[in-house]
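This report is an introduction to reading a protein model. The reader is asked to keep the sequence and the three-dimensional view at hand throughout.

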Amino acid sequence: DVTFSVEYITEGDTFFGVASEVRMMEIIKEKLIASNAFSNVTYAPFPQKSKYHLHFIIHYTSPSVNESAMHGAFIGYTFLTIPSYMTLYLDYSYILYLNGESIHSKSTPESLRCYIWLPLLPSCLIWNNILAIRNEERNSINFLINDITSFQARALEEQIQQSKQLMQPR
């Protein structure tokens, strides 16, 4: 059995959109269940963590409102004829707690460029906000879930090796 919690941090302008915290919890729970690494997966706030707990930290950083406004003025004055982009930074990480002690962690910092240009305008709104960001979110969560399951497999393998060594006659 495992419990998990999600800490969600957003900094900067949210023009390009950020993930819904509820949707991220659903994605994480779905991926943990699909991994078949745990018999029971439940969400629990961090202070109410169980013996075996995964704490996910999702950190979005985008340009500040002032930087976005300056960028908006520039692309407005040029009527989107000069290609431009804004960068969104995504940092996904988790910490594995066993009996209240942190025993393993992993992080995957990513950056995503959102292009803004007149010929791309119809696709930019859909690609930047919906497809690219959601794809990056799922890829980052998949990376972390794969690390969790491989860490569990390594720990289990070590336990088997230790038990074999103990059972060997001297």
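The sections below treat the strands, a helix, the aromatic rings, the salt bridges and a surface patch in turn.

## Strands and their pairing

The model is a predicted one. Strand β1 comprises residues 2–11, and strand β2 comprises residues 41–43. These two strands pair in the parallel sense, and three bridges join them. In this pairing, Phe4 stands opposite Tyr43 of β2.

Strand β1 also pairs with strand β3, which covers residues 52–61. Here, too, the strands run parallel, and the number of bridges is nine. Within β3, Ile57 is the bridge partner of Glu7.

Strand β4 (residues 84–98) and strand β5 are arranged in the antiparallel sense, with 15 bridges between them. Strand β5 spans residues 101–116. One of the bridges is formed by Leu98 and its partner Glu101 in β5. Together, β4 and β5 make a hairpin that leaves two residues between the strands. In the turn of this hairpin, Asn99 has a positive phi of about 55°.

## Helix α1

Helix α1 consists of 14 residues, 21–34.

The buried residues of α1 are Arg23, Met24, Met25, Ile27, Ile28, Lys31 and Leu32.

Between Ala34 and Gln162 the separation is 128 residues in sequence and 29 Å in space, taken from C-alpha to C-alpha. Just after the helix, Asn36 adopts a positive phi of about 60°.

## Aromatic rings

The structure contains eight aromatic pairs. In one of them, the ring centres of Phe4 and Phe56 are 6.5 Å apart and the ring planes meet at 85°, so the pair is edge-to-face. Because Phe4 lies in strand β1 and Phe56 in strand β3, this pair ties together parts that are 52 residues apart in sequence. Phe4 is buried, its relative accessible area being 1%. Phe56 likewise counts as buried, at 1% relative accessibility.

Another pair is formed by Phe38 and Tyr52; their ring centres are 5.9 Å apart and their planes stand at 50°, so the pair is tilted. Phe38 is in the loop between α1 and β2, while Tyr52 is in strand β3, so the parts tied together are 14 residues apart in sequence. Phe38 counts as buried at 10% relative accessibility, and Tyr52 counts as buried at 16%.

Ring pairs also link Phe4, Tyr43, Phe56 and Tyr94 into a cluster.

## Salt bridges between helices

How many salt bridges does the structure hold? There are two salt bridges, and they are listed in the table.

| Salt bridge | N to O distance |
|---|---|
| Glu137 and Arg23 | 2.3 Å |
| Arg138 and Glu30 | 3.9 Å |

Arg138 counts as partly exposed at 34% relative accessibility. Glu30 is also partly exposed, with a relative accessible area of 43%.

## A nonpolar surface patch

Which residues make the nonpolar surface patch? The patch has an area of about 510 Å², and its members are Tyr85, Tyr115, Trp117, Leu118, Leu120 and Leu121. Of these residues, Tyr115 has its place in strand β5. Tyr115 counts as partly exposed, at 40% relative accessibility.

Methods:
Residues numbered from 1 in each chain as written. Predicted model: local features only at pLDDT ≥ 70, side-chain atom pairs only at ≥ 80, totals over all residues. Heavy atoms only, no water. Patch = residues over 30% accessible without salt bridge, like charges linked within 9 Å, V, L, I, M, F, W, Y side chains within 5 Å. Areas by Shrake-Rupley, 256 points an atom, 1.4 Å probe, with all protein chains shown as cover. Salt bridge = Lys/Arg side-chain N within 4 Å of Asp/Glu carboxyl O. Helix = DSSP H or I, 4+ residues; strand = E, 2+ residues; numbered from the N terminus. Buried < 20%, exposed > 50% of the residue type's maximum accessible area, 1.4 Å probe, protein only. Pairing = 2+ DSSP bridges. Expected span 1.5 Å × (residues − 1). Phe/Tyr/Trp six-rings, centres within 6.5 Å; stacked < 30°, edge-to-face > 60°.
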